[in-house]
Amino acid sequence: MIVNKFLDKIDILKLKIKQDADNILKAIDMDELLKDPESYLTALGEQFMEQHDKEIKQGYKEGKKFANKIIEKS
């Protein structure tokens, strides 16, 4: 039961992030990417992380709560 609730919450967070990741892939500017791939991808990654900071922190929080419940039960 605890595992299913945890996995459901994580699945919702993963879906939110995946949908946006698919949109970012469609929006990549190939000319800019080819000019300086490292800088372009770093900036894109940083932007993505900023946009999903809430989901990432929520995933961490849920994982921590899940681990604590498992430890309490053992």
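This is a predicted model: local features need pLDDT of at least 70, side-chain atom pairs count only at pLDDT 80 or more; totals for chains, interfaces and linings use all residues.
**Stop 1: the aromatic pair.** Start by selecting phenylalanine 6 and phenylalanine 66, and show their side chains. The structure holds one aromatic pair, and these two rings form it, in a stacked arrangement with 4.3 Å from centre to centre and 15° between the planes. Now colour by helix to see what the pair connects: phenylalanine 6 belongs to helix 1 (residues 2-26) and phenylalanine 66 to helix 4 (residues 53-73), so that distant parts of the chain, 60 residues apart, are linked. Is phenylalanine 6 buried or exposed? Its relative accessible area is 18%, and because buried means under 20%, phenylalanine 6 counts as buried.

Stop 2: Next, draw a C-alpha to C-alpha distance from valine 3 to glutamine 47: the two lie 32 Å apart in space and 44 residues apart in sequence.

**Stop 3: helix 1 against helix 3.** Select helix 1 together with helix 3 (residues 37-51). Their axes are 11 Å apart, and the helices pack at an angle of about 150°. Since angles over 145 degrees count this way, helix 1 is roughly antiparallel to helix 3. Turn the view to look at the crossing of helix 1 and helix 3, which is right-handed.

Finally, show side chains where the two helices touch. Which residues of helix 1 meet helix 3? They are Ile17, Asp20, Ala21 and Ile24, facing Leu44, Phe48 and Gln51 in helix 3. By class, this contact brings together five nonpolar residues, one polar and one charged.

Terms used:
Residues are numbered from 1 along each chain as its sequence is written. Side-chain values use heavy atoms; hydrogens and water are left out. Rings of Phe, Tyr and Trp (its six-membered ring) pair if their centres lie within 6.5 Å; planes under 30 degrees apart count as stacked, over 60 as edge-to-face and the rest as tilted. Helices (H or I, at least four residues) and strands (E, at least two) are DSSP runs, numbered from the N terminus. Buried means under 20% relative accessible area, exposed over 50%, partly exposed in between (1.4 Å probe, protein chains only). Axes are lines fitted to C-alpha atoms, for helices over the stretch in contact, and angles run from 0 to 180 degrees between N-to-C directions. Angles under 35 degrees count as roughly parallel, over 145 as roughly antiparallel, 65 to 115 as roughly perpendicular and the rest as oblique. A crossing is left-handed if the near helix is turned anticlockwise from the far one by less than a right angle, and right-handed if clockwise. Contact means heavy atoms within 4.5 Å. Ala, Val, Leu, Ile, Met, Phe, Trp, Tyr, Cys and Pro count as nonpolar, Asp, Glu, Lys and Arg as charged, and the others, Gly among them, as polar.
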